[in-house]
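Work through the exercises below with the sequence and the model open. Each task is followed by its solution.

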Amino acid sequence: MNASNPEFDNNKIPVQKLWQVIIASSVGTVIEWYDFYIFGSLSAIISLSFFPKDDPTAAFISTLAAFGAGFVARPFGGIIFGRLGDRIGRKYTFLLTLILMGGSTFAIAFIPSYSDIGLVAPAILLLLRIIQGLALGGEYGGAATYVAEYAPDAHRGKYTAYIQTTATLGFFVSIIVILICQKIMGEAEFKDWGWRIPFALSGFLVIVSYFIRRNMQESPLFARLKKEGRLSENPLREAFASKSNRRLMLIAMFGAIVGQGVVWHTGQFYAQIFINKILMVDFTTTNLIIAASLVVGTPLFVVFGSLSDRIGRKKIMLGGMALAAILYYPLFAWMSDIVGQEGTLIDGAYHLSTTGTVKLAFICILLVTFAAMAYGPIAAFLVELFPTKIRYTSLSIPYHFANGVFGGCAPFVATWLGAVTHSNFAGIFYPITLAALTVIIGIIYLPETKGRAIMD
């Protein structure tokens with residue numbers, strides 16, 4: 001059933017109103033992703049503060065495990081906040097997730113180090129990461145659902161793609177804040193205590209975002225269901241009680257989201273780890289390369305989201321995953337060759353020539369392009385797949401389970417595989433395998449949702 005009715009027609013909403021919705025949703029979501037990914041961007045430095053320093057590799061892997069714990073918590077956040085979103089509303093739910101995320105990130109800035117309180121330090125860190133994961137599990141589904149329920153049917157891929165850029169923008173902002181702080185303070189002081197400043201800044205950012213979001217109106221589709229008394233009494237039970245809805249969640253997870261998750265995280269986070277920790281390129285150059293690739297690549301999320309309105313979500317998403325599965329190994333091997341040819345080892349880190357830096361940036365742009373293809377259309381696809389009264393729940397559970405367990409753990413699993421096999425390239429086979437399997441399942445089972453009217 002189309003959402004059109006005398007009170008609200010998503011195909012006739014003024015563009016100005018739609019942009020207000022997108023901006024209000026996106027600002028908060030960028031900040032939440034900044035909060036979530038600042039940890040990943042600083043994982044190498046954080047490991048020296050919260051874990052024993054006598055084994056740097058073990059400390060780094062332990063930090064990545066804590067990073068991954070936040071992702072494992074995401075599906076549980078999807079369950080908790082998905083239910084709230086379908087019961088009390090989209091707006092109030094992602095106001096709550098914003099406060100939880102910001103408070104947890106702010107608190108990380110003030111955790112005493114391992115040398116001060118021993119194992120209590122990593123325990124607190126792990127707890128706060130889990131809270132972050134729970135919050136993010138509720139945030140994304142709310143923002144994607146909120147924007148999609150306003151967007152016209154023929155352009156839903158385009159407008160929801162702006163929400164898709166927020167993850168990459170949050171990652172980009174985290175890198176820029178880190179580089180600025182390091183430049184002002186100096187590398188030694190930043191590693192000692194200055195890394196806490198980017199976490200502390202979250203408190204200010206969350207306050208700004210809260211005041212932007214609190215004036216938002218509730219989603220018209222949700223408001224109408226509430227007015228008509230047609231809200232789900234138990235969204236979680238209803239999502240799983242329906243055989244057809246269970247099937248859709250499984251197809252979405254294994255035919256789209258698992259591959260999207262590993263491609264997104266490999267193309268940005270593992271690429272950063274690979275260049276800095278495995279190829280030993282200096283910290284600043286590594287982050288400048290990643291930042292440059294994000295600047296060029298971020299608009300592509302909207303490009304591919306818009307293109308999916310014309311040629312379909314399925315082709316673009318699976319195309320990005322297929323390209324990643326085919327080209328990851330040669331591209332990562334090429335990066336290794338470039339560092340060997342264009343790098344000079346100084347004080348334990350490789351410093352690249354301008355040519356080498358540009359070449360690595362080009363490869364990272366390709367990696368972000370694959371991520372943009374897989375990720376750009378997926379919000380529109382997921383929203384179009386599920387009915388309004390259980391949409392928040394039905395979308396959030398498979399999305400955060402697949403992204404959390406398979407995608408978010410990709411940097412940890414890949415780094416661990418490299419460490420135990422003593423191979424620079426063993427880790428890359430994890431995302432290659434999952435992306436390839438997702439493409440095969442998606443080709444067989446994934447439906448096309450392009451232009452589908454949002455159901456009541």
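**Exercise 1.** How many disulfides does a search of the whole structure find?

Solution. The model is predicted, so local features need pLDDT of at least 70 and side-chain atom pairs count only at pLDDT 80 or more, while totals for chains, interfaces and linings use all residues. Residues are numbered from 1 along each chain as its sequence is written, and side-chain values use heavy atoms, with hydrogens and water left out. Take a disulfide as a pair of cysteine sulfur atoms within 2.5 Å. The search finds zero.

**Exercise 2.** Classify Cys 181 and Cys 364 as buried or exposed.

Solution. Buried means under 20% relative accessible area, exposed over 50%, and partly exposed in between (1.4 Å probe, protein chains only). Cys 181 has 11% relative accessibility, so Cys 181 is buried. Cys 364, at 0%, is buried as well.

**Exercise 3.** Which residues touch the most other members of the largest nonpolar core?

Solution. Such a core is a set of buried Ala, Val, Leu, Ile, Met, Phe, Trp, Tyr and Cys residues joined through side-chain atoms within 4.5 Å. Here the set has 128 residues, and Val 263 and Met 335 touch the most other members.

**Exercise 4.** Describe how α12 and helix α14 (residues 313–342) cross.

Solution. Their axes, lines fitted to C-alpha atoms over the stretch in contact, with angles from 0 to 180 degrees between N-to-C directions, come within 10 Å and cross at roughly 20 degrees. Angles under 35 degrees count as roughly parallel, so α12 is roughly parallel to α14.

Technical notes
Helix = DSSP H or I, 4+ residues; strand = E, 2+ residues; numbered from the N terminus. Parallel < 35°, antiparallel > 145°, perpendicular 65-115°, else oblique.
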